[in-house]
Every structure is written in structure tokens, then in C-alpha cells.
Amino acid sequence: MRVAVILATYNAPEWLEKVLCGYGCQTWRPFEVIVADDGSDERTRQQIDASRTETGLPIKHVWHEDRGFRKSRILNLATAESTADYLIYSDGDCIPRADFVACHVEHALPGLFLSGGCVRLSATVSEALRCADIEQGRAFEPRWLRTLDPSPARGLGKLGVSRFRARLLNRLTTTRATWNGHNASGWKQDILAVNGFDERMKYGGQDRELGERLCNLGLRTRQIRYSALCLHLEHARPYVDHDRVARNRDLRAKTRRTRRSWTRYGILKGQRSATP
């Protein structure tokens, strides 16, 4: 099957460089990368051009004008742009482990979407990591990370879990398998069937709302939070608007209450129509 990774980013080229280094080290190939750029300046385009050369990856750059936080809109544009059958969604501040794409592909099944996990790094470690650390694998070694910071990450224990134990923990965890914007995947045909992300939603749960509509459509979920791992780089979040977060909660509650699977505010605008 054809696979694409869609990465959301906004004015963080230093973080994006590290993330694309991680995708250049993946054990499963080939796949395309689509950078869904929510209005970054010229530095991000320059970094993408450099990363194409350095990693050898086919990287598309989908951009729109900066008019505030419009992650849902740019993700919809990137989704429509992809020609892949299977889509892995993450962020431009999440460095994938070398088996990240392989793990998503291994667990992909019809009628299913996958929910992966992350390890949240401290600001000190986020700044200190270099591409060489990622390429040589030490960025995912707990002992080495502690040499940079005694408390380097939240959820650090996930990195030391064996493949067998990770599968067991995926089954035993009580954490719900939701659509996480930093680490989730599904079939493009299913994402089109619910009309993608709801563009009314700003920061705060907008990714999970897509997963709730996929479930309303009849899809099942699978937890792979101990198997498909990425390192989440710490950064400021000036775009957080608590009023918008509250509105998002209301929209998600309506999605659950009405059991709707289609949004009129997604890839196609207006009433439901034929598959895009």
C-alpha cells in the first residue's frame, strides 16, 4: 500500500529539522512526507528544501497564509493533496523512532484506526538534541537522555520496553485509543468518508473530534501507544485560547450526542455529497 506521513507545523524550522531527520532513519520505505504548514515564514520552506537533500525523502510542502491557528484547515488541504492509501498524522515537533512508520503499517487493518504514543521531553533535552543523536539512536535511550537532564521526559519508561512487552501493554492499558494529533493513522478513504477535520475547531481536542466521528462511522480503534513512539519536543503555546477550548468541548459533546460522522465544515464545504 502507498503510505504518507502528514506533519503539521508552524514557524518551528529547528524542530522540523530534527523531526525530518527521524523520518530519514525509518526502517520501512517507501513513503512520502507532506508538511502541512499553517502559515510559516520563509525559514520553514528553506528547511524543507534542505531536508529533502539531506534525507532523500519525497517531501511535499502544503502551505496557506497565516491567519491565526488553522491547523484543521491545513491538515485537510494536505489530506486532499496526498495520493497515498494510508495516512499517518503527526506534528512537526514529534521525532519518530526508527520503527515508527513500520509499526503503523504493521498494525493497519481495514475498518480500524490506530492511536500511538509519545514521550514528552523537557525543554533542556529538546534544545540539546541534534540530528546525529537521532540518526545514531541514542536520542531514544533513557540512560543517555538522563545525561542531558536528570528528569529528561514524561513517560520515559516507554522507551525501555521490549517489543513483546509493548504489545502486552498496548492490550492492558486503560488509556482509551483516541485520535491523537501527534500520533495516529488511518485509511484515507475513511478520513474522506467523514470529511476530514472540522475547521471550526481551533486548538484543544480538535484531533480527537475526528476520531469520534470515525467511531460514529463504525470504525474500531487500536492502541499502539507503547509500540509506535515519538519524542515530543517542548515549546511555548501562545495560540492557546481557553474560550476556544471550551467551544471545542461543546462541539465534541454534540458529535458524541448526535452520533454524527460527517462534518459540513471539512474538506468539502456544505451538505454531504459523493466521496471526494
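**Close-up views of a predicted model**

**View 1. Helix 1 and helix 2 run roughly parallel to each other.** In this predicted model, the axes of helix 1 and helix 2 (residues 42-55) cross at roughly 20°, and angles under 35 degrees count as roughly parallel. Those axes come within 10 Å, and the crossing of the two helices is right-handed. Which residues meet here? From helix 1 come Pro-13, Glu-14, Leu-16, Glu-17, Leu-20 and Gly-24, and they meet Arg-43, Thr-44, Gln-47, Ile-48, Ser-51 and Thr-55 of helix 2.

**View 2. The largest nonpolar core has 46 residues.** Four of its members, Tyr-23, Val-101, Leu-129 and Leu-231, touch the most other members. Which helix gives the most to this core? Helix 1 (residues 13-24) does, with six residues. Apart from this core lies another one, of 21 residues, including Leu-87, Phe-113, Trp-179 and Leu-219. As a friendly reminder, nonpolar side chains in soluble globular proteins tend to be buried together.

**View 3. Val-101 and its contacts from elsewhere in the chain.** With neighbours within four places in sequence left aside, Val-101 is in contact with Val-3, Val-5 and Ile-88, and also with Gln-26 and Trp-28. Tyr-23 and Phe-31 complete its list of contacts, and these two residues return in the next view.

**View 4. Tyr-23 and Phe-31 form an edge-to-face aromatic pair.** Their ring centres lie 6.2 Å apart, with 65° between the planes. Is Tyr-23 buried or exposed? Tyr-23 has a relative accessible area of 0%, so it is buried. Phe-31 counts as buried too, because its relative accessibility is 4% and the limit is under 20%.

**View 5. Phe-69 and Tyr-203 form a pair that links distant parts of the chain.** Their planes stand at 85° and their centres 6.0 Å apart, so this pair is edge-to-face; the class needs planes over 60 degrees apart. Where do the two rings sit along the chain? Phe-69 belongs to the loop between strand 3 (59-63) and helix 3 (71-81), while Tyr-203 belongs to the loop between helix 9 (188-193) and helix 10 (206-217), and 134 residues separate them. Phe-69 counts as buried at 18% relative accessibility, whereas Tyr-203, at 27%, is partly exposed.

**View 6. Ring pairs link four aromatic residues into a cluster.** The linked residues are Tyr-89, Phe-113, Trp-179 and Phe-197. Phe-113 and Trp-179 are also among the members of the 21-residue core. How many aromatic pairs are there in the whole structure? A search finds seven.

Technical notes: Residues numbered from 1 in each chain as written. Predicted model: local features only at pLDDT ≥ 70, side-chain atom pairs only at ≥ 80, totals over all residues. Heavy atoms only, no water. Core = buried A, V, L, I, M, F, W, Y, C linked by side-chain atoms within 4.5 Å. Buried < 20%, exposed > 50% of the residue type's maximum accessible area, 1.4 Å probe, protein only. Helix = DSSP H or I, 4+ residues; strand = E, 2+ residues; numbered from the N terminus. Contact = heavy atoms within 4.5 Å. Phe/Tyr/Trp six-rings, centres within 6.5 Å; stacked < 30°, edge-to-face > 60°. Axes fitted to C-alpha atoms, helices over the stretch in contact; angles between N-to-C directions. Parallel < 35°, antiparallel > 145°, perpendicular 65-115°, else oblique. Left-handed = near helix turned anticlockwise from the far one by under 90°.
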